[in-house]
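Biologist: I'd like a close look at just one part of this model, the place where two of its chains meet. Could you walk me through that spot in plain words?

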Amino acid sequence: MKLRNLIDFNDLTLGEWDELYELAVRIKKNPAEFRDRCRGKILATLFYEPSTRTQMSFQTAMMRLGGKVIGFSDPNSSSVSKGETLRDTVKIVTAYSDILVIRNPIEGAAYASALYSRVPVINAGDGGHLHPTQTLTDLMTISELKGSLDGLTVGLCGDLLNGRTVHSLIRALGRFKNNRFVLISTPELRLPDYVTKDVGENGNSYIEVKTLEECIGDLDILYMTRIQRERFASKEEYARQSGVYRLTTDKMKLAKPDLAVLHPLPKVDEIAYEVDDDPRTMYFEQAENGMYIRMALIAKLCEHERTGRSPAYPLPEGVCCPNPRCISNHEKYLPRLTKEVSGETRCCYCDSRL
Amino acid sequence: MKLRNLIDFNDLTLGEWDELYELAVRIKKNPAEFRDRCRGKILATLFYEPSTRTQMSFQTAMMRLGGKVIGFSDPNSSSVSKGETLRDTVKIVTAYSDILVIRNPIEGAAYASALYSRVPVINAGDGGHLHPTQTLTDLMTISELKGSLDGLTVGLCGDLLNGRTVHSLIRALGRFKNNRFVLISTPELRLPDYVTKDVGENGNSYIEVKTLEECIGDLDILYMTRIQRERFASKEEYARQSGVYRLTTDKMKLAKPDLAVLHPLPKVDEIAYEVDDDPRTMYFEQAENGMYIRMALIAKLCEHERTGRSPAYPLPEGVCCPNPRCISNHEKYLPRLTKEVSGETRCCYCDSRL
Amino acid sequence: MKLRNLIDFNDLTLGEWDELYELAVRIKKNPAEFRDRCRGKILATLFYEPSTRTQMSFQTAMMRLGGKVIGFSDPNSSSVSKGETLRDTVKIVTAYSDILVIRNPIEGAAYASALYSRVPVINAGDGGHLHPTQTLTDLMTISELKGSLDGLTVGLCGDLLNGRTVHSLIRALGRFKNNRFVLISTPELRLPDYVTKDVGENGNSYIEVKTLEECIGDLDILYMTRIQRERFASKEEYARQSGVYRLTTDKMKLAKPDLAVLHPLPKVDEIAYEVDDDPRTMYFEQAENGMYIRMALIAKLCEHERTGRSPAYPLPEGVCCPNPRCISNHEKYLPRLTKEVSGETRCCYCDSRL
């Protein structure tokens, strides 16, 4: 396997995805076989914003492979607060460790880290941009439950405008065939055009609907997300609408017997308490799968040797990227790196059009 | 051993206690024999209020058994702060781990967690309610020093009103025979009636006294506790009284040569600095025993297999419990669970009378 | 090896230093050989002020030796905040662990801890006083790059007044022979007289200069440090002077091909971004060496058996030390301990003259 870093799910070829999925399934079946796989190896988790859930999932994954974990979950207690560059932090931490997991509120931070890292880098979330191990988790769960990632009817419900998880899942499933997405949201929170416009390939399609009731009976997968109160104009508006998108036992009665309900978690009140006991809810199994797929990913990436010094890059001239949330506008030494995607020039860090 | 969770010391039969104690003594004598006992296992420590001491003791215990540890010590950096229910947190964390230790300021939180946990649960303190591993630590130390838990004269000094540790110790020793408790406190901080009223069984008894001097010569065990300044009406009142209950070398001269002084630690100034050097003070040995008895407990509980999904419980109707600090009044989905104790109906979570 | 604690680099004989250095080099060459050296052992890291970098370095070192780590990085979440004495914390934590690393903003805290510890103690920084493992790191790097610690021309640039690291390095190199120190700083930030006055021994010498340009061509080692903005009278003054001491590619052109640039890190802007790519910069290698020399130190100290109770010390009478930042003025029970150094009486905790 040549994959060195996981910054974006689309870095993986479908062959690499298959290999990773099969490894995760093998680990899940027989974890004891893998418990010394990463013995003597150290995973560093640099969490520039707290996310206990994601951090625990990576820690557990490494520990169950026999490895050990260092890191921080609060940049205020780290050298970051003394004004150190991301580049320096990465160079030092990857002098100590064998694999790096980074979460950072600034878009492109994981890509930037990989430039200077002596060890493989995993993106555990870079602002509103990408969160590829959540996508791996979702795909593993769907694949395990449905036996395939083709030909599914997948409902996505809640905040489709701001949900990084939903965007990534649609892009990822869009690489497979004949899937039909049912987008369930208010007009204010509908999926952005730049996501929907790519859906047409590989025989995939989408429709938009306003209520859960009108579509739940058709779904193979229902992917729920949290709606944040502050996205609505007023409390009243929130109260009025949130019920429409709340998953209740009544709505579940309209669904197929083999529906699988997923959720990236944590959830608040978008799913009624009693729905948790419905055997079609699979979000806790999904969370557990997150551990197995991360084990597979870490096990694969740990096969790489640590490199020597990072290469020298030219200092940038002018502004790299129009996106103010892009790491290239925060860490001034970063080289200007662009790529061509469907005839457009894009920023390598944050994927913005230039 | 059938014990699956440790929520309350009284969950243990005396036979189970004996077994646990003997295992702890064996571990203490020969720790190397146990250093791979929990290899490949993961302990999760969910500390909803910080308690470095207790958390370190559990971490060390698991590490000395060859296991690994995940967890948090500050709920603000966890998904809890996003409004996740305790039930969801427990379900997810026990999808990752093999044993769960929980500390939570709300009474009954450990009991509630055990309802949804797929792995054994240990209560590391639920508000002012219970702290059973402290009780295990105390009993192990007394048993080791005195050879028995029967027929002892045990002084308890300090804040007997608010001291959860003292209440638990009296209840626990009350299950053994012919112990005599000497309660040493101000009238304001005396032991509550609901604790003393059960002391009469098994030949046990108690007396109340006002000073250390008048009783220290009779004691086999002196259990000191911290008096918090804010419990007194005024600074002057505190200054006047705290000296009466301060353990000094002068008072130690009145004690028997085989007195053992215990303290749950941390201590502030209730014991004079120089008393630490008296060979009859045993609180640091007691802290060390805390590690061994936790090792024994973890080793035992880790023998259980992880279960599948937690059972479905009916949603509650009406208020479960009159105690506003009870978890059933904070987590609204918790089923109404009650038990009969000495002819009274009590809340299973917090033991309040209904 | 008889060394039990590392409080001050000068606790080491030169023979012990050699032994430690050789072990570190062996570990660096063949880390796999040492990966079970500390199996079953626990390192406690008590960080009373946060220092992620140093703490990570110790954690990694212990983990790469097969050991495990407990500790805290924030005293507010520990029993310290309840008013516990340092002595009690040390006694309890060393009942759990096999080796103790302590960082504390108060001078002499590590020395004081060693009085009560049942296991070896490593000083990871006690206020502005000492930071011996940084000195070990620096010496290892110089020795590895230059083959010797004698006969070198060593530039030290930046804040020489407040830099604990620089003072320790000069003292340490002063124990070797024929080194020449070039002190590069503003008059306000020059090295204190009490450091320079001891330089004359063993054929060592120093000169003071005002600019990097005038001396960089002579240097074998250039040791850079951070200048804090607040050390200057005004922003303008800082802006004017900081450029003089900033290491740029232009200045690097004046240097010898085998110059080695070191820095204790983190750095801010005292070294231009592009200088990092100069192969003569060695600070990231230095950081990595910090891990290997700490591995060597931990491996050596872990050979000691844990002791029983700490000895009793007499309570002090009067003030121990004129230094208000000395631990003996903060922890009132500490015995008065002094030593004779070059005919002067000094405080054992903080080295102040009495």
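Biologist: How much area is buried between chain A and chain B, and what percentage of that area do carbon and sulfur atoms give?

Modeller: First, some ground rules. This is a predicted model, where local features need pLDDT of at least 70 and side-chain atom pairs count only at pLDDT 80 or more, while totals for chains, interfaces and linings use all residues. Residues are numbered from 1 along each chain as its sequence is written, chains are lettered from A and ligands numbered from 1 in the order in which they are written, and side-chain values use heavy atoms, leaving out hydrogens and water.

Now to your question: about 2900 Å² is buried between chain A and chain B, and carbon and sulfur atoms give 51% of that. Buried area here is the accessible area (1.4 Å probe) that two parts lose on being put together, summed over both. On chain A's side, Arg53(A), Met56(A) and Tyr273(A) supply 22% of the area that chain A buries against chain B, more than any other three residues.

Who takes part? Chain A brings 32 residues to the contact and chain B brings 35, with contact meaning heavy atoms within 4.5 Å.

Next, the charged pairs. Seven salt bridges turn up across the interface of chain A and chain B; the rule wants a side-chain nitrogen of Lys or Arg within 4 Å of a carboxyl oxygen of Asp or Glu. Arg53(A) shows up again here, in a salt bridge with Glu84(B) whose closest N and O atoms are 2.7 Å apart. You'll also find 13 residue pairs in polar contact between chain A and chain B, both residues being at pLDDT 80 or more. That term means a pair of N or O atoms within 3.5 Å; within protein, one must be able to donate a hydrogen and the other to accept it, and residues adjacent in sequence count only if both atoms are side-chain atoms.

Which helices are involved? On the side of chain A that touches chain B, α2 (52-64) and α10 (283-301) of chain A each supply at least two residues, and α2(A) gives the most, with eight. Helices are DSSP runs (H or I, at least four residues), numbered from the N terminus. Sorted by class, that side of chain A has 12 nonpolar, seven polar and 13 charged residues. Asp, Glu, Lys and Arg are the charged ones, Ala, Val, Leu, Ile, Met, Phe, Trp, Tyr, Cys and Pro are nonpolar, and the others, Gly among them, are polar.
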